[in-house]
Amino acid sequence: FSSLSSASPPPRNQQRAENGNENSGNGSGASVGGSTVATTIKGHILAAIALVKDNSHPNFVQMKSKLGSEKNADGEMCEPYLRLTSDFNKRVARSVANQSGLRVCVCRDEKGKNGDNDKTTIKAYAWICLECADPQNIGHSLLAPIRLSANGTTTPAADHLSTTHGITSNTTRTKEKNRQDAAKRDASVKSGYELDPTRMLQSLIGKMAANHAVPFCFWQSKDWRSFVTALPLEQPVKDALKCLDVRLPMVEHYLTIRQTIREEFKKASKWYGEIPFACLIIDFYKSSVNHGKLLAVRVSWMNPFTSKMSNAAIATYNLGGFPYNPTTQDRTDRRASDLVVDFAGKVLGEYYIDYHSDIFSSSVDSGSDIKRAASLLSRNREWCMAHLLNRAASDAFGVSVNPAQTKNKACRDFINQWRKVAETVNKSDDLLTTFKEKIKARYGISLNRLKNVPSHRWTSVIAVLKEVIQYFHILKSTFQQHGKTFPLDIDDLKSTAMPLYSILLQIKELQMISQKTKEFSQIDLYVKFFNFYKQLC
């Protein structure tokens, strides 16, 4: 922390200017109502660490006094002490409390089962809020540490951030929005059921059948009729459901949705005039029902009908997955890309979308037929950054699906060596049991097994490297305890594994940004991509 001590905190108004408006995110998944002291004023972190080392705060004294001293197996008195805790649980590590504060645990070192001294028992947790700090008075304005629950969950800390600083996580906001949307749907269904229960139930069943690909024959089966008979409904409603033709409500849903998209696109087209404004995404995928090939078509555009154009939302619709089944004659006489253009043109025509005049750009994967079709369907064909990153990283890190096509054999062998450690532990009951006991004793968390994925899924390799790096010394101790040779070397950890992990982590972040569909991410993506490229070069 010596490098942090020289960093002087900027004034609070300067922090606000650097962080953007008061409702902007802090870059770690939190919506910050004020300045983000935890990420901009490093001096407060040092002050919090000094507070932990001092151990003189009344809250800390009370926590330790309740714990008390105990004798270990050798008759020595074990005094409780404080330490900053690391969050190895992925869900907890993303908590907004860990982005705006520091967690502290009260723990005591004890003898392990085999007489070793690496067993640390965590007895209590506390949390220090860095948002409460005053930039002009580092270390002297931190509020009292907040006592957490016995298992270390950060609910009290999150409540403090929400009520005091107006900071809530994206997860909390999303849950609240989903709850409100569900309440609106329930109210709509209830009102519709009161007006016409038969029609409402038919509509809901048609929606369920379409969303979950329930076969038509199921609704004519004896099982369905027996189920309806047992329902506490009026007899006319039961009779209507027993002879239900689910295709009718499904067609009604399709016509309603199609008309809605038509009207919204027509309204936007009128606003944009003769300017092409829509983006097209096309791709092939396999049906989970009959395993046939389907052509998926998606259109998106900037919705101009908001209070401010700067707050305009993205209107995006999946127009559906349509069976791609050209005749044998067409396959023989015409290029595949021309067939894709015809199929996509028919789909767009269903919604009164003319790709000659309305489609400005398109984004597709790296398939040659799809790329040519996209060039014919739009004025500009954008590279799909998610696919580009996948292909580039697969070549660079040698994680091709086919080992014979690997361009970087040394990197592939290195990754497989680290994956082999996780695989060995997971397959050995003795190693896995010892490893889980050491993790539980050292960090107070429970793990079922180490993560392990195929090496060709290069973004998932990050999870493997992360866990092996984090638990490197515990894994080494586990192997040695069972008389096995630990295949990894500490020099490889420092010189290769950690730099490799840092690079992969940035690539995965770029890929996650590129796959967003409901946020404006292109500018942010390209800026971060070129910054990352500059760092590598």
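Glu509 lies in helix H21 (residues 490–514) and Lys528 in helix H22 (residues 522–536), so the pair ties together parts that are 19 residues apart in sequence. Glu509 is likewise partly exposed, at 40% relative accessibility. A salt bridge is defined here as a side-chain nitrogen of Lys or Arg within 4 Å of a carboxyl oxygen of Asp or Glu. Helices (H or I, at least four residues) and strands (E, at least two) are DSSP runs, numbered from the N terminus.

The model is predicted: local features need pLDDT of at least 70 and side-chain atom pairs count only at pLDDT 80 or more, whereas totals for chains, interfaces and linings use all residues. Residues are numbered from 1 along each chain as its sequence is written, and side-chain values use heavy atoms, with hydrogens and water left out.

## Further salt bridges

In general, side chains of opposite charge can pair when their charged atoms come close. The structure holds ten salt bridges. One of them joins Arg334 and Asp342, at 2.6 Å from N to O. Arg334 is partly exposed, with a relative accessible area of 36%, and Asp342 is partly exposed at 29%.

Arg247 and Asp245 also form a salt bridge, in which the closest N and O atoms are 3.0 Å apart. Asp245 is partly exposed, with a relative accessibility of 29%, and Arg247 falls in the partly exposed class at 47%.

Arg247 is located in helix H12. The C-alpha atom of Arg247 is separated by 9.1 Å from that of Ala209, a residue 38 positions apart along the chain.

Helix H12 (residues 247–272) also contains Val251, which is partly exposed at 45% relative accessibility. Together with Tyr254 and Leu255, Val251 makes a nonpolar surface patch of about 240 Å². Patches are made of residues with over 30% relative accessible area and no salt bridge; like charges are joined within 9 Å, and nonpolar side chains (Val, Leu, Ile, Met, Phe, Trp, Tyr) within 5 Å. Accessible areas come from the Shrake-Rupley method with a 1.4 Å probe; for residues, only the protein chains shown count as cover.

## Packing of helices H18 and H20

Helix H18 (residues 429–443) packs with helix H20 (residues 472–481) at an angle of about 135°, and their axes are 10 Å apart. The two helices are therefore oblique to each other, since angles under 35 degrees count as roughly parallel, over 145 as roughly antiparallel, 65 to 115 as roughly perpendicular and the rest as oblique. Axes are lines fitted to C-alpha atoms, for helices over the stretch in contact, and angles run from 0 to 180 degrees between N-to-C directions.

## Positive phi in two loops

Most residues other than glycine have a negative phi. Ala213 has a positive phi near 55°. Ala213 is placed in the loop between helix H9 (197–211) and helix H10 (222–230) and is partly exposed at 39% relative accessibility.

Tyr352, which is not a glycine, has a positive phi of about 60°. Tyr352 is found in the loop between helix H14 (336–350) and strand S12 (359–364), and its relative accessibility of 60% places it in the exposed class.

Key:
Buried < 20%, exposed > 50% of the residue type's maximum accessible area, 1.4 Å probe, protein only.
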